[in-house]
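Have a look at the structure first, then read on.

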Amino acid sequence: MIAAPPIGEKLRDWKQQWRAAITSGSALCTRLNLDPADPRLGLDAQPDFPVRVPESFARRMRPGDPDDPLLRQVLGRSEERLVANHERADPTADLSMRRAAGVLHKYAGRVLLLATGACAVHCRYCFRKNFPYDSELAARHDWREAIALIKADPSVNEVILSGGDPLSLDTDKLARLTTALYDVPHLRRIRLHTRVPVVLPDRVDGALQSWLHGLPWRVTLVLHANHANEVDHSVAAAAARLRLSGATVLNQAVLLRGVNDSVAAQVALSEALDRAAVLPYYLHLLDPVLGTAHFAVDDQVARAVHDGMKAALPGFLVPRLVREIPGESSKTWVAAAHTSATHGDSH
Ligand SMILES: *Cc1c(COP(=O)(O)O)cnc(C)c1O
Ligand code: SF4
């Protein structure tokens, strides 16, 4: 149940919350009554990819639990310095699909814009954590290059704002992009891939709602929550505000060892999303980005977890289990455990 009314609710200034985020692993441990020197944490005090967690997300972690599934997603650990042979800086070969600064055109009809490099939270497993954002931002020069490309290609019917996190940008800046896209006759859909409504729900404020509501296309937001504990009432209320502005709200998750690699964890996530009226869309197998081997889940386990979800949930609460294979024309659907042999899936 959503206790607070979705509109008219008093939200706190999201920019202030953004600036006040916790930016060190030891500060986060202290916040959670954990000893930064606790060997169970394996803390790296100075990781290359800095720690970043807003208080609104830290609040959902269990104090005193070094294995908290939300903490595991954001705390820098020395294990990240171990690089496995098959890991890559750009595992999805995104840079080979770039059409202009920050413009990725990989799949038919859909152009993905790397709107910004900034995120409200830093996820340790992020497949874009090594991305050269300094030179690769579609929002540079007021989106001019990106807009010109979209206008010139009638096959493009959907613009996906990704990043980084597009909702780290001011609503005004997002509106400048969409205003410039108004006169593109072939555009039918706009999508935002964002973790912000999950980690900093107050970002879904009146200005954002008005912007979304005024867009002349079908609007979809794909959120990113990996564990049921992430989806509390503040997230449900933010999702409700998004729906009231006319958007369809979906979720994608990444299958992560020690975070959500069990049937029980995934079923609980789907149930929590359903209570928030958010539909599960994708469950991604981890992309082999540098230093993430400790999060990797074996394919067999992944298939078994997915089969367990199918057996426990209505079909519409079972996300598609997918992996990204560079060069393929879509995300690759991973087959069920009991059919993989007959279908000859090579992964
Ligand atoms: C994942 C992705 C998309 C979106 O794919 P859908 O299957 O439509 O969700 C689009 N472009 C790129 C570059 C992607 O990585
Ligand atoms: S919010 Fe998304 S883009 Fe940002 S660090 Fe997390 S996974 Fe990566």
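**Spaces and a ligand**

The largest cavity holds about 50 Å³ of space. On a 1 Å grid over the protein atoms alone, a cavity is a set of points where a 1.4 Å probe fits but cannot get out, while a pocket is an open set with protein on both sides within 12 Å along at least five of seven lines; lining residues have an atom within 4 Å of a point. Grid points are joined across faces, edges and corners, and a volume is the space filled by probe spheres set on the points.

This is a predicted model, so local features need pLDDT of at least 70 and side-chain atom pairs count only at pLDDT 80 or more, but totals for chains, interfaces and linings use all residues. Residues are numbered from 1 along each chain as its sequence is written, ligands are numbered from 1 in the order in which they are written, and side-chain values use heavy atoms, leaving out hydrogens and water.

**The cavity**
- There is one cavity of 30 Å³ or more.
- Its lining has 13 residues, and nearest the centre are Asn251, Ala253, Leu269, Pro280 and Pro319.
- That lining counts nine nonpolar, four polar and no charged residues (Ala, Val, Leu, Ile, Met, Phe, Trp, Tyr, Cys and Pro are nonpolar; Asp, Glu, Lys and Arg are charged; the others, Gly among them, are polar).

**The largest pocket**
- You'll find about 950 Å³ of space in the largest pocket.
- Of its 43 lining residues, Phe127, Arg128, Ser162, His193 and Gln252 are the closest to the centre.
- Sorted by class, the lining has 20 nonpolar, twelve polar and eleven charged residues.

**Ligand 1**
- Where does ligand 1 sit? Its space is the largest pocket (a molecule sits in a pocket if more than half of its atoms lie within 2 Å of the grid points).
- Residues around ligand 1 (a heavy atom within 4 Å) include Lys106, Tyr107, Ile160 and Glu324.
- The shell splits into five nonpolar, no polar and five charged residues.
- Polar side-chain atoms of Arg191 and Tyr281 each lie 2.7 Å from an oxygen atom of ligand 1, and one of Lys331 lies 2.9 Å from an oxygen atom of the ligand.

**The second largest pocket**
- About 310 Å³ of space lies here.
- Among its 17 lining residues, His86, Leu286, Asp287, Pro288 and Arg323 lie nearest the centre.

Definitions and conventions. Polar contact = N/O pair within 3.5 Å; in protein donor to acceptor, adjacent residues only side chain to side chain.
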